[in-house]
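Hi everyone, thanks for coming.

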Amino acid sequence: MAIESDVLVIGGGLAGMMSALAAAEEGASVRLISYKQSTLRQASGLIDLLGYLPGEQRPVVSPYEAIGALPAEHPYAILGVDRVRAAMDRFDTTVGYDGGGAERNTLVATHAGGYKPTFRTPQSVTPGALADGGAMLLVGFDPITDFDAPFAAAMLTEAGVPFEVHGETLPFPIEQASDAGIGRFAALIEEDPAVPATGRTLRESIATAIGAVLGEAERVGVPAILGTQESASIIAELEAALGVPVFEVPMGPPSLLGSRLEAELHAALDRAGVSMELGNPVVDADADARISTVYVEKNHAQIPYAASEYVLATGGLVGKGVGSDRSQVHEPVFGCHIPHPADRSDWYDDDVFGAHPFARFGVRVGGDLRPQTADGAIEYQNLRAAGSVIGGADFAKEKSGSGISIATGVAAGTAAAEEAA
Amino acid sequence: MSDAEQPGFAPTQPNTGTEFEPVQVFPEVTDSDLRSGADSCYKCSTCDVNCPVAAVDDSFPGPKFQGPEQWRLHQRDEEHEIDDSIMSCSNCMRCDNACPSGVPLSQMHNTARAEYVSEQMSHRSVEYWRNRLLSNYRLSAWAASKAPRVANWMLNFGPARQLLEATLGITAEREFPAFATETFRRWWQRRGGAAASRARAVAARRRQGLDPDADKKVAYFHGCYSNYNTPEVGRALVRVYEHFGYEVVVPKQGCSGTPMFANGMIDDAARHKDRTLEGFTPKLDAGYDVIASCTSCSMALRQEYPELFEDAGVDALAGRTYEGIEYLRIHEDLPGALAEAEAPADFPDAFAYHAPCHARNQGLARQAVELFRHLEGVTIEDVGESCSGISGTYGWKQEKYEVSMQIGEDMFEHMHDAAGTTGMTECPTCAMQMEHGTSYPIRHPLELLAAVLTD
């Protein structure tokens, strides 16, 4: 006895969601189980494909072309460029991001004064692209300590961006506790209450304050706090008041850009008829050559789920899809093999910012995305892996995390649905 | 044992070679040790962003402070007092669901709140006695059930309510829920109790060609609200289970403890837990699984019991407690049964569904919406992931009423946007809030299931 579906996807991050969507669009009945809210809430909300080749300092301009230069064990190399491109096309038709169909990376400023190459951007971020565009004003608010606008502006100027950048820190028009979270600001801006003693609304007050320091700027960047659901209309209102494009600067966790992407993908999953259960982990399984049942732990009770095909999209070391202790690296749900050096001191590089082997830890798959045992056999006939549980890539260094999740997610979900049919 | 006592650890001669072997310096964690939880917090603040109270109340410091940060302050300094803002946490437990690192935030809050209430809050204060009165709802409901018509009149009699607000701080803004003229347990007894249920289950098994002696039996935790206020939910559960050939028993039970945890009344909760264990442990031993119709009750038995109590029977109960529809999804073909059934003529066909926060943490937030997709002619529309704001006794407190309604605003708005003008939820107090904000009647998914599958 178990709760049944054709395809069961384990993991609710980008890889799991794209995998579930691809499987459902193939006609399978799909259930997605996630331990927690999507890790997209910890992500920037940008979609990177390939920002840097291993060992290179210069950003990649054309990621599809650069895929050919990746080592054979890299997930992109395993899939081949055509499947990567097809998956990105599916993302473009699912999510209303900018850059759909484009072949080249774009550079965007980060909240800490750096910049990064990325492939697809939320519409609210796009006007902040660094390669072109006019003079930029960055505006921070003093209770939001994660974004120091004058510092970020100075760093960008130092980096040699081809336009003037200026940074200003403004008080937030409605006084907040010194430790108020990002969500509080977003909710207030969305609610748009009157600011005491001014007779203006919050958004009008923000626009007026920015207008006073606008100067010659041709675009204005603010931290990504412009509402949880209504950012487009909030930005339109600010732009109308200021007469120049307004954009959001991606922030660290908790990330509203990531939450908005999660909401958009959840809506797509809902439309596709995917069942979703968030909040509890898969902890155990019955399996021989095939997996028959997995168990979700709800505190003490173990709830059985059964499917014809399974997708493992539990994440990497941070997402807990890859676990480790002092003697070994392991995959906790099915015990899939994870290649790693026997001596723990070979797991990391002595240089903190060096090329750590642990960053590439993950299950080994072939072109069918089935995890393999140490001697190259298939672990389970009806199991495929997607996202950062797959080894062979250092996504943080390469800026390839979202792309790998989308590419392997779509491929695994599609194959699972075809097999289940 | 502290780091300094670790044998072989000599700070004056640091081991800088490659031979370095880290050692376990902390003892093995036991269930009630919250250190591992505090250590797992990497301060991403996702919990704070998910906190419905922090979103509307600027003065509330949020779950990260209430949980891991306050726990650490307390470890460092025995004199550290629990901040009184712990009483502004509504115990919706959203932070548990949000944390990417598995920090047991609600357990930390419950523990801190219990300590605050027992050691810092004056036991002679009005707040203490008001909170005790609210959290011991079962006692008031029991008294009211002796003369439900009188109680219903009195409790919604304006001047009496003004007095309650002025003296005890129980808001006069809300309508008290009506007490049923016949409690669920009285109906159960009148109907013939467990023996009658067995007979009905056996008849159903015969009808469906199942083994008449099939081992299908459940023990029902109805909780206080289904007993005193909405016995129709309990009756629906019994009918649905018997329809699938299950014999139902209704053991002696206390309150699940949910309102007591939320008010830091841990001793009251323990007393009710004892009563529940006394009733259910023999049934568990005899092979019955436990089901609940209220998602906060199932949450308490599953999660809070093992986190807060160390009794021998707690783990067995937690391990075999299920939400009422969830259990049927595991053991029966509910989608199939619904696909073959017709929408009932005498029941609404469009619902604005709100998922209670406590259902969310059990992975049940989408259960009703997804299940009834299989039933033609009925639409269940999810009104979004916001919290209803009432959080049990929270929204009944005069000083919390406004915050509670502000939190609920999103839900009210989405309910009005939904096609249906009947609400649906599994949680009794969410139902109160939904009704209060929209004037819609509110039904439980089990009521719809019973209307579809049984006569």
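B:S439 sits in the loop between α24 (428-438) and β8 (442-443) of chain B. The phi of B:S439 is near 65°, a positive value in a residue other than glycine. Is B:S439 buried or exposed? It counts as exposed, because it has 9 C-beta neighbours inside 10 Å. The cut-offs are these: buried takes 20 or more other C-beta atoms within 10 Å of the residue's own, exposed takes 12 or fewer, partly exposed is in between, and C-beta atoms are placed from the backbone.

Quick note before I go on. This is a predicted model, where local features need pLDDT of at least 70 and side-chain atom pairs count only at pLDDT 80 or more, while totals for chains, interfaces and linings use all residues. Residues are numbered from 1 along each chain as its sequence is written, and chains are lettered from A and ligands numbered from 1 in the order in which they are written.

B:N91 is in the loop between α4 (63-76) and α5 (94-98) of chain B. It isn't a glycine either, and its phi is positive, about 60°. But B:N91 counts as buried, because 23 C-beta neighbours lie inside 10 Å.

Staying with chain B, how is it divided into domains? We get domain 1 (28-120), domain 2 (126-168), domain 3 (184-331) and domain 4 (341-453); such bounds come from an automatic or database domain assignment. Look at domains 2 and 3 of chain B, whose C-alpha centres lie 27 Å apart. Nine residues of domain 2 of chain B are in contact with eight of domain 3 of chain B, where contact means C-beta atoms, placed from the backbone, within 7 Å. On the domain 2 side, α7 (126-135) and α8 (137-145) of chain B each supply at least two residues.

Over to chain A, which has 11 helices and 15 strands. Its C-alpha trace spans about 70 × 45 × 40 Å along the principal axes. A compact globule of 421 residues would have a radius of gyration near 22 Å, and chain A has 23 Å, which agrees. That radius is taken over C-alpha atoms, and the globule rule is 2.2 Å times the number of residues to the power 0.38. Of those 421 residues, 54% count as buried. The domain assignment gives chain A domain 1 (3-100 + 259-420) and domain 2 (126-249), with 35 Å between their C-alpha centres.

A:P254 is in the loop between β8 (246-249) and α9 (256-271) of chain A.

Next, some strands. Strand β10 (residues 282-287) of chain A pairs with β11(A) in the antiparallel sense over five bridges; to count as a pair, DSSP has to find at least two bridges. A:D286 stands opposite A:T293 in β11(A), and the hairpin joining β10(A) to β11(A) goes through three residues. β11(A) and β12(A) also run antiparallel, joined by five bridges, and A:V296 has A:I303 in β12(A) as its bridge partner. Their hairpin has two residues between the strands, and A:N299 takes a positive phi near 60° there.

How many residues does each chain put into the contact between A and B? Chain A gives 33 and chain B gives 35.

Last stop, the inside. Nonpolar side chains tend to be buried together in soluble globular proteins. The largest nonpolar core here has 222 residues, and A:V7, A:I10, A:A20, A:V311 and A:L312 touch the most other members. A core is a set of buried Ala, Val, Leu, Ile, Met, Phe, Trp, Tyr and Cys residues joined through C-beta atoms within 7 Å. Helix α11 (residues 401-420) of chain A gives the most to this core, with 10 residues. And A:M18, in helix α1 (residues 14-25) of chain A, counts as buried because it has 32 C-beta neighbours inside 10 Å.

Definitions and conventions:
Contact = placed C-beta atoms within 7 Å. Helix = DSSP H or I, 4+ residues; strand = E, 2+ residues; numbered from the N terminus.
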